[in-house]
Amino acid sequence: MTINDVQEILNATVVTQTPYENNEVLSGFVGDLLSVVMGKAKEQCAWITIQGHINIIAVGTLINVGCIIVTESFKVDDDAVKKANEEDIVIMTTQFSSYEVAALLSKSGLE
Amino acid sequence: MNLHFDVEGGEFISAGVASSKVKKVLKQLAIQPEIIRKISVAMYEAEINMVIHAHGGVIDAEIMPDYVHVILKDEGPGIENIELAMKAGYSTASRLAREMGFGAGMGLANMKRYADILQIESEPGKGTTVEITVKLYPEQS
């Protein structure tokens, strides 16, 4: 599934300028505790979280995240967006809950 | 190659600078992604601990042909019971740190999981030194 597909399925708002169109996500991971995400999320996953602060970029970079989906309309901090643009990370936001995002992506075929 | 970093305490915002720098250097050296992840996650956890618990400290990373050795030294409160601190889920992090998604009690567990050698020396009231060693080509040794 491409990041573009993810954005369309969720009707999400991409808040970064990082180019992404045909970049793939290979799996999904839901987590708000950063250590759990670092320990368990796979490379190129779609990481679903309510955290919107700058440290998600460090975690995203360390795990080579595919994209970060911030749920429940939580705001992504400006410094996080800036850092994401520098580090080539894609962040999108959605009003859906983490559960709903996982369900929607799963239904569309993401493992 | 030796890299030195000064880490400020309480600065959640700059936490991760040292580990992402080391990560970038290893990427340039074309080290396998899984190995890079091991080093950078273990190091980031240790770096975050310095920020959350110890008012910062210093990090020295030594990148050698076949291993990376990172020493993280702080003069924070120290760890009273290392065995207990190693237990997954045990945490003494502040409410703020927890709200930000830190303090899950997985930091030391992740370090242990990803480091090939992990050494922790700590004296309550004096500080903590964490040493992380990761082999760059584990299949050869």
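Tutor: Helices (H or I, at least four residues) and strands (E, at least two) are DSSP runs, numbered from the N terminus. This is a predicted model, in which local features need pLDDT of at least 70, side-chain atom pairs count only at pLDDT 80 or more, and totals for chains, interfaces and linings use all residues. Residues are numbered from 1 along each chain as its sequence is written, and chains are lettered from A.

Student: How many helices and strands does chain B have?

Tutor: Chain B has 5 helices and 5 strands. Their order from the N terminus is β-α-α-β-β-α-α-α-β-β.

Student: What is the radius of gyration of chain B?

Tutor: Taken over C-alpha atoms, with a globule rule of 2.2 Å times the number of residues to the power 0.38, the radius of gyration is 14 Å, close to the 14 Å from the rule for 141 residues, so chain B is as compact as a globular protein of that length.

Student: And what box do the C-alpha atoms fill?

Tutor: Along the principal axes, the box for chain B is roughly 40 × 30 × 25 Å.

Student: Which share of chain B is buried?

Tutor: Buried residues make up 48% of the 141 residues in chain B. Buried means under 20% relative accessible area, with a 1.4 Å probe and protein chains only.

Student: On to H2(B): is it mostly covered or uncovered?

Tutor: H2(B) is mostly covered, with 17 of its 21 residues buried.

How values were computed:
Heavy atoms only, no water. Buried < 20%, exposed > 50% of the residue type's maximum accessible area, 1.4 Å probe, protein only.
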